[in-house]
Amino acid sequence: MREELTALREQALRDIAAAADVSALDQVRIAIMGRSGRLTQAGEQMRHIAKEDRPEIGRLLHEVRTAVTGALEARMADLRSAVEEAELARMDPTLPGVARSVGSVHPLQHLQERAVEIFRRMGFALAEGPDIETEWHCFDALNTPADHPARNEQDTFYLPDGRLLRTHTSSVQIRTMEGQAPPVRVIAPGASYRRDEVDATHLAQFTQMEGLYVDEGVTLGDLKGTLEYFFRELFGPDAKVRFRPHFFPFTEPSYELDVRAAALGGGGRWLELAGCGMVDPAVFEQINERRGDRAFDPDRVTGFAFGFGLERLAMILYGVPDIRMFVENDQRFLSQFAP
Ligand code: DAH
């Protein structure tokens, strides 16, 4: 048994040294240490060894196992690092890397961020409300009569439960005043929905930006100054702003706002860009009734509101000829806005 073990060790070490690659070495390992490997079988012979010889043979067996295991591990490490070196030698670290495109900000998002940034400078906070609205928040509280054409099923998406997809972000004015007493100064960008036929200038979902400022002593002068500042920041100091009397149910007086600026092209034409006005006292009374207090007492507070569409603005600013391009996700379109 002693000679057998010594011979086994010599043979095993020779086989290990001769293994040319990782898989050959694995075969050698199995032949020696596997379930029916040579060393495993030698271990099983221990049962037949005379009792007095067992300590010595046992020690020898242990030595052989340690030596073989050590040799296997060392050879495996050598072979693996040889493989790695060969791979490294094939690699050229001076080759340029593969550039990954990180994409770009959507032009509408970009414009929205610019607009929000300007209003934030004037102390406006961001506000939001749900896209699925109640008729009360979208129309009634905004002083819109029951027979107003905007409420028509032809113009508004109604859900079976009577709620609707908001037709404008003006509902966020109501949501904000329900939850917050004056002073209120918020800007609310978000989606609006109308049952419009989709064409080059209409989408059934578009983006609006709403503004609301309510406090003691807010005047029409504040409204004009705020919007004039905003459009000058957006389009440059040459931008001219014009307020044209109009009608909205929730403001009195109401205006449409036209802008003229070199950045907008159009050969000096006035472009209609926003609706605005002084919050109608009837809106404040709706809010007070809902809140159960007089936080928006029209004898004490006044306010202005405004709203404009971002798609139309972006089309003019960036020279986009068709509003559908904003939702088609065509890389050839989007990548033109990449920084
Ligand atoms: N909600 C109006 C629309 O969708 C825009 C608007 C007009 C918003 C006047 C206002 C406002 O806040 O005061 O056409």
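I started at Asn329, which sits in the loop between H11 and helix H12 (331-334). Helices here are DSSP runs of H or I with at least four residues, strands are E runs of at least two, and both are numbered from the N terminus. Asn329 has a phi near 55°, a positive value in a residue other than glycine.

Ground rules, before going on. I am looking at a predicted model, where local features need pLDDT of at least 70, side-chain atom pairs count only at pLDDT 80 or more, and totals for chains, interfaces and linings use all residues. Residues are numbered from 1 along each chain as its sequence is written, and side-chain values use heavy atoms, with hydrogens and water left out.

I then went to Asn143, in the loop between helix H6 (135-138) and E3. Its phi is near 65°, again positive in a residue other than glycine. Most residues other than glycine have a negative phi, and most peptide bonds are trans. Buried or exposed, or in between: which is Asn143? Asn143 is partly exposed, with a relative accessible area of 30%; buried means under 20%, exposed over 50%, and partly exposed lies in between, using a 1.4 Å probe and protein chains only.

Next, the cis bonds. I found one joining Pro182 and Pro183, with omega about 0°; Pro183 lies in the loop between H7 and E4. Another joins Glu252 and Pro253, also with omega about 0°, and Pro253 is found in strand E7.

**The sheet**

That took me to the strands. What is the strand order of the open sheet? I read it as E1-E4-E5-E9-E8-E7-E6, seven strands with mixed pairing. Strands count as paired if DSSP finds at least two bridges between them. The edges are strand E1 (125-126) and E6, each pairing on one side only. Strands of a sheet pair through backbone hydrogen bonds, either parallel or antiparallel.

I checked two of the pairs. E8 and E9 pair in the antiparallel sense over five bridges, and Gly277 stands opposite Ala305 in E9. Helix H7 (residues 171-179) packs on the sheet, touching strand E4 (184-193), E5 and E9, and its direction makes about 40° with that of E5. Contact means heavy atoms within 4.5 Å; axes are lines fitted to C-alpha atoms, for helices over the stretch in contact, with angles from 0 to 180 degrees between N-to-C directions.

The other pair is E6 (residues 240-248) with E7 (residues 251-260), antiparallel and joined by eight bridges. A hairpin through two residues links E6 to E7. His246 has Ser254 in E7 as its bridge partner.

I also looked up Thr169, in the loop between strand E3 (164-165) and H7. Thr169 is buried, at a relative accessible area of 0%. Beyond its neighbours within four places in sequence, its contacts are Ala188, Gly190, Ala191, Ser192, Gln208, Met209 and Glu210.

Which residues touch the most other members of the largest nonpolar core? Of its 44 residues, they are Phe119, Phe231, Phe235, Val259, Phe308 and Leu313. Such a core is a set of buried Ala, Val, Leu, Ile, Met, Phe, Trp, Tyr and Cys residues joined through side-chain atoms within 4.5 Å. I followed Val259: leaving aside neighbours within four places in sequence, its contacts include Phe231, Phe235, Trp270 and Leu273.

Gly319 follows H10, with a positive phi near 65°.

**Helix pairs**

The axes of H5 (residues 107-121) and H10 (residues 310-318) come within 10 Å and cross at roughly 100°.

Last entry: helix H2 (residues 22-33) packs with helix H4 (residues 54-90) at about 170°, axes 10 Å apart. That makes H2 roughly antiparallel to H4.

Technical notes:
Parallel < 35°, antiparallel > 145°, perpendicular 65-115°, else oblique.
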